[in-house]
Amino acid sequence: MTTIRPALTPPAGYRRVTATGVSAAFGTFGELLQGVLPEEDGDFLVTLPVARWAMARFELLPGAEALQVWPAHKRKALRLTSMIMEDAQRCWGGVLRIDSTIPEGKGLASSSADLVATARAVANALDEPMPPRRIESYLARIEPTDGVLYPAVVAFHHRSVRLRARLGSLPSMAVVSVDEGGAVDTVDFNSLPKPFTTADKREYARLLERVTRAVARQDLAEVGRVATASARMNQVLRHKWSLEALIDICQQVGGLGVVVGHSGTTLGILLNTEAPHCASQLAVAAQACQQLVGNVTVYRTLSFH
């Protein structure tokens, strides 16, 4: 368990009171689109929310001497807790516990989900307002962040941590996923220079327009085409050896397209769960992916109303 000692001294005559806040945040399966637009602060991504969550529970302990977090390696969440407590002028201690079903270091927004769930849980315990813009202001001081604080498919500027646009919701899809192994640090990845040309940036702008229209029309086939194009363009930044083979499998089973964790190690075949032969498509795709990479996980995307 990692500990931070509070900077303030408890006031004389304070009364011991315990309060608990609980919250959760979903992860994403990589990004439908990620790149750089031809404008200032042009780094952006488009989220693909999935049914995996980080759950945070914060117990406020006014008599305690420190803030603690479990698991101990969740230091960013502990730092965020300390920032919120300091702004709220609360000198008390407390214990933050995070349970997550989102794999770490794979490009699935695990760290972003940890932090968003933490901000909300701490705010709930303190009875403090925590609107999205306030969360963004905290996260911008910690690391580049995904747009998981919004219940929608969103275009998000992850480096400056600000919402660009809410695109809407999509029907639920299955993602037949493989993991090429290893882990990627988000901060390190986002510090890399982007080798995208002016023409590349204009293409990213066109792809953003396409996916914006596709989400509005609920056009899953077009969403899949944009995701595949983005995955291919990202190869110059973080190469995935199995991408072209996965695209071939997707075409063979009649999938929608291939989506990747642009800053991670995962790739997935998108399938329309409402298609009449989805179950057989999924089975064939999973078998082929297992033979190709040696592991398979199936995710389900989230729809919002």
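Because the model is predicted, local features need pLDDT of at least 70 and side-chain atom pairs count only at pLDDT 80 or more, while totals for chains, interfaces and linings use all residues. Residues are numbered from 1 along each chain as its sequence is written, and side-chain values use heavy atoms, with hydrogens and water left out.

Glu31 is buried but has no salt bridge. Here, buried means under 20% relative accessible area, exposed means over 50%, and partly exposed lies in between (1.4 Å probe, protein chains only). A salt bridge is a side-chain nitrogen of Lys or Arg within 4 Å of a carboxyl oxygen of Asp or Glu. The nearest side chain of opposite charge to Glu31 is that of Lys240, 7.6 Å away; Lys and Arg count as positive and Asp and Glu as negative, with His and the chain ends not counted. The side chain of Glu31 does make a polar contact of 2.8 Å with that of His262. Such a contact is a pair of N or O atoms within 3.5 Å; within protein, one must be able to donate a hydrogen and the other to accept it, and residues adjacent in sequence count only if both atoms are side-chain atoms. Beyond its neighbours within four places in sequence, Glu31 is in contact (heavy atoms within 4.5 Å) with residues including Leu45, Asp146, Val260 and His262.

Salt bridges are found elsewhere, with 15 in the whole structure. One of them joins Glu143 and Lys76, at 2.4 Å from N to O. This pair links distant parts of the chain, 67 residues apart: Glu143 is in the loop between α3 (132–139) and β6 (153–157), and Lys76 is in helix α1. Glu143 is buried, with a relative accessible area of 5%, whereas Lys76 is partly exposed at 32%. Another salt bridge connects Asp179 and Lys106, whose closest N and O atoms are 2.9 Å apart. Asp179 belongs to strand β8 (residues 173–179) and Lys106 to the loop between β5 (93–100) and α2, so the pair ties together parts that are 73 residues apart in sequence. Lys106 is buried, with 14% relative accessibility. Asp43, Arg159 and Lys194 are linked in a network of salt bridges.

Lys76 also takes part in helix packing: Lys76, Ala77, Leu80, Thr81, Ile84 and Met85 in α1 meet Ser111, Leu115, Thr118, Ala119, Val122 and Leu126 in α2.

Turning to the backbone, Trp70 and Pro71 are joined by a cis peptide bond, with omega about -5°. Pro71 lies in the loop between β4 (67–70) and α1. Asp41, in the loop between β2 and β3 (43–61), has a phi near 55°, a positive value in a residue other than glycine. Gln89 likewise has a positive phi of about 55° although it is not a glycine, and is found in the loop between α1 and β5. Asp41 is partly exposed at 27% relative accessibility, while Gln89 is exposed at 67%.

Key. Helix = DSSP H or I, 4+ residues; strand = E, 2+ residues; numbered from the N terminus.
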